[in-house]
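The exercises below go through one protein model. Each has a task and a solution in steps. Keep the sequence and the structure open while working.

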Amino acid sequence: MTALDDRPWMSTIPTDLYIGGNWRQAGRPDPIPVLDPATEQVLVTVADASPEDGIAAVDAAAAALPGWAAASPRHRSDVLMRAFALMTERREQLAELIVLENGKALADARGEVAYAAEFFRWYAEEAVRAAGTVQTAPAGTNNILVLRQPIGVAVLVTPWNFPAAMATRKIGPALAAGCTVVLKPATETPLTAFAIVALLEEAGVPPGVVNCVTTRSAGSVVKAMVDDPRVRKLSFTGSTEVGRRLLATAAETVVSCSMELGGNAPFLVLADADLDTAVAGAMLAKMRNGGSACTAANRFYVHASIEREFASRLSVAMSRLRVGNGLDAGVDVGPLVNAPTRDKVAELVTGALDGGAAVLSGGSAPDRPGFFYTPTVLGEVPADASILREEIFGPVAPVVPFDTVDEAIALANDTEYGLVSYVYTGDLAQGLAVSERLDSGMVGLNRGVVSDPAAPFGGTKQSGVGREGGHEGMLEYLESKYIAVGW
Ligand code: NAP
């Protein structure tokens, strides 16, 4: 008996490929098992698409493009608003589905569904505001008219850590702009993607406008699609390593890319910070999604005068978290998504301890089925420890003291990543000045969460290219067409 048997409505979630408005079987015979990370049991199996299936999805998206691009902005907006309403209505079921395949605690999953639905609402509102511009040429000889047109067929590749929100953050602006899409969700979390695609059909998305393929051969299926000249956009969220490879693939056909990649967020606590506020913010920045977030605080730099007190309070807060099956009442932290992710967290902790770090709380994987790791705080972490350089993606907080603000900023910026940084201080002017000097696309200033559908989300350096959310998010799916007009 699996958790799915307790929830009969989940048997209605499709597991085949969604192409051209039809659910159909994949060209490959062996379906892909989807595991419950809390029990390690197989929940269901889903279709394993071949590169030919990927091309069939591009065929469908290309066929649907002229009609969707020509649909009125108001119509596209109405469809997205219905999708928002349906998602909000089904929040509880979708949240349980996310917990089952991803493992996160139910409260985190409910938060994710609400956040994910907001992308449909925000882009329903943006769909009718894709304004172009008109100006007189400086020489006065003509007018410069700029139209915004849909870029075309978009391939969307998403990770497992926010299976709903990473899909809607791409589908929302793409559909608002008049593009058609093929979604390739992560192999660990395909069910949430299928549920969202089914919901979009119910909301009135025409056949072929949204297609969805699952595959255990992401490399060859995505490459086949991106190599197809009808595909004009690749939007990817995932690791920097895979992002680099996809940028190289996209270079062959000069496909426009949006890349939301890995992070290594520094969390700075300046000497004048209110400690209670900073610890509360640290818990949010570290533990949202059990630490499996690209925005997760990865390194805590705390002024030497308060470092011990901060680390001690953080340890108390972390050790109070209840670890368990994300569906159980009162659980704060679920398992990590799979064994390799859990093992990487354990390796980073062991490496830090071998280098001289001290465990202040946690520090091990509990002896039970499921991919769990106990929330952990480490002190005395050596400057060269891998845990300060690599994305942990789990519930571990290394704390490091600093003496001057300049030193803290230099430590924070000493990484190839630049997604988000956090700063806590009692002096807002100082906080703004420090924020300006942090080399990241986003800063949480006395805030432990930055994600907001209305704000431009994205990174500098190797954390990515482009922005999702806000007004900027839709521009990623629009091409500017300039018409020189004499009138
Ligand atoms: P990942 O291994 O890079 O996978 C992401 C997606 O890419 C999955 O759908 C995956 O499919 C697919 N993929 C893997 N190899 C591919 C290839 N060669 N060609 C095309 N697609 C390929 O990342 P993940 O482990 O799922 O997610 C964690 C990472 O995502 C972290 O680094 C995190 O920071 C990042 N992330 C960034 C943001 C952001 O907004 N910046 C948000 C969330 C997560 P399979 O599942 O089949 O392998």
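Domain bounds, as used here, come from an automatic or database domain assignment. The model is predicted, so local features need pLDDT of at least 70 and side-chain atom pairs count only at pLDDT 80 or more, while totals for chains, interfaces and linings use all residues. Residues are numbered from 1 along each chain as its sequence is written, and side-chain values use heavy atoms, with hydrogens and water left out.

**Exercise 1. Domains**

Solution. 
Step 1. Contact means heavy atoms within 4.5 Å. In these terms, 27 residues of domain 1 are in contact with 31 residues of domain 2.

**Exercise 2. Nonpolar cores**

Task: Find which residues of the largest nonpolar core touch the most other members.

Solution. 
Step 1. Buried means under 20% relative accessible area, exposed over 50%, and partly exposed in between (1.4 Å probe, protein chains only). A nonpolar core is a set of buried Ala, Val, Leu, Ile, Met, Phe, Trp, Tyr and Cys residues joined through side-chain atoms within 4.5 Å.
Step 2. The largest core has 68 residues, and M87, F120, I171, L175, L183, L200 and V210 touch the most other members.
Step 3. Helix α4 (residues 106-126) supplies the largest share of this core, ten residues. Helices (H or I, at least four residues) and strands (E, at least two) are DSSP runs, numbered from the N terminus.
Step 4. At least three residues of this core come from each of domain 1 and domain 2.
Step 5. A second, separate core has 32 residues, among them V269, A273, F310 and V420.
Step 6. Take L200 as an example from the largest core. Neighbours within four places in sequence aside, L200 contacts A83, F120, I171, V205 and V210.

**Exercise 3. A helix pair**

Task: Describe how α4 and helix α5 (residues 165-177) pack.

Solution. 
Step 1. Two packed helices are described by the angle between their axes and the distance between the axes. Axes are lines fitted to C-alpha atoms, for helices over the stretch in contact, and angles run from 0 to 180 degrees between N-to-C directions.
Step 2. For α4 and α5 the angle is about 5° and the axes are 8 Å apart.
Step 3. Angles under 35 degrees count as roughly parallel, over 145 as roughly antiparallel, 65 to 115 as roughly perpendicular and the rest as oblique. α4 and α5 are therefore roughly parallel to each other.
Step 4. On the α4 side the contact is made by E112, Y115, A116, F119, F120 and Y123, and on the α5 side by A165, T168, R169, I171, G172, P173 and A176.

**Exercise 4. Strand pairing**

Task: Give the strand order of the open sheet that contains β5, β6 and β22.

Solution. 
Step 1. Two strands pair if DSSP finds at least two bridges between them.
Step 2. The order is β5-β6-β22, with antiparallel pairing.
Step 3. β5 (133-136) and β22 (478-485) are the edge strands, each pairing on one side only.
Step 4. From one strand to the next the twist averages 20°.
Step 5. Four bridges join β5 to β6 (residues 143-150); V134 has L145 of β6 as its bridge partner.
Step 6. Another antiparallel pair is β3 (residues 32-36) and β4 (residues 41-46), joined by five bridges. Here V34 has V44 of β4 as its bridge partner.

**Exercise 5. Positive phi**

Task: Locate N289 and F393, and decide whether each is buried or exposed.

Solution. 
Step 1. Most residues other than glycine have a negative phi.
Step 2. N289 has a positive phi of about 65° and lies in the loop between α9 (275-287) and β13 (297-303). At 6% relative accessibility, N289 is buried.
Step 3. F393 has a positive phi of about 60° and lies in the loop between α12 (386-389) and β16 (396-402). F393 is buried too, at 15% relative accessibility.
Step 4. A further positive phi, near 65°, is found at E40 in the hairpin of β3 and β4, which has four residues between the strands.

**Exercise 6. An arginine in a helix**

Task: Is R342 buried or exposed?

Solution. 
Step 1. R342 is in helix α11 (residues 339-354).
Step 2. R342 is buried because its relative accessible area is 18%.
Step 3. Not counting residues up to four places away in sequence, R342 touches L336, A365, G370, F371, F372 and Y373.
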